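Please read these notes next to the model.

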Amino acid sequence: MTTRTTARYEIIDREDGSIIFTQDVQAAGEVPMGYAFAGVIRARESINRSVQNNIAQFLQSLETVDASRPMFPSSREAATP
């Protein structure tokens, strides 16, 4: 059983609204037929694995992000306290 997930991750600067990083991540989770007798248990585990793989791919992509250079800078200035 294979489940595919897609998620959009965005990191936004709360001060000025700039989008620091955005990415759509697709992942799959696979469970063999022998994993469990009940299909609903296999389906749930397949979903869990797909989501875990999706999050892992997102975290790996963060290694290359430069937080000081937003992908989409905001047109408004940061609020000063």
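1. Two aromatic pairs turn up in a search of the whole structure. Rings of Phe, Tyr and Trp (its six-membered ring) pair if their centres lie within 6.5 Å; planes under 30 degrees apart count as stacked, over 60 as edge-to-face and the rest as tilted. With centres 4.1 Å apart and planes at 10 degrees, Tyr 9 and Phe 58 are stacked. Tyr 9 belongs to strand β1 (residues 2–12) and Phe 58 to helix α1 (residues 39–61), 49 residues apart. Helices (H or I, at least four residues) and strands (E, at least two) are DSSP runs, numbered from the N terminus.

2. The model is predicted: local features need pLDDT of at least 70, side-chain atom pairs count only at pLDDT 80 or more, and totals for chains, interfaces and linings use all residues. Residues are numbered from 1 along each chain as its sequence is written, and side-chain values use heavy atoms, with hydrogens and water left out.

3. The rings of Phe 21 and Phe 58 are tilted, with centres 6.3 Å apart and planes at 40 degrees. Phe 21 is in strand β2 (residues 19–30), 37 residues from Phe 58.

4. Arg 8 meets Asp 24 at 2.7 Å, N to O. Glu 45 meets Arg 49 at 2.9 Å, N to O.

Notes: A salt bridge is a side-chain nitrogen of Lys or Arg within 4 Å of a carboxyl oxygen of Asp or Glu.
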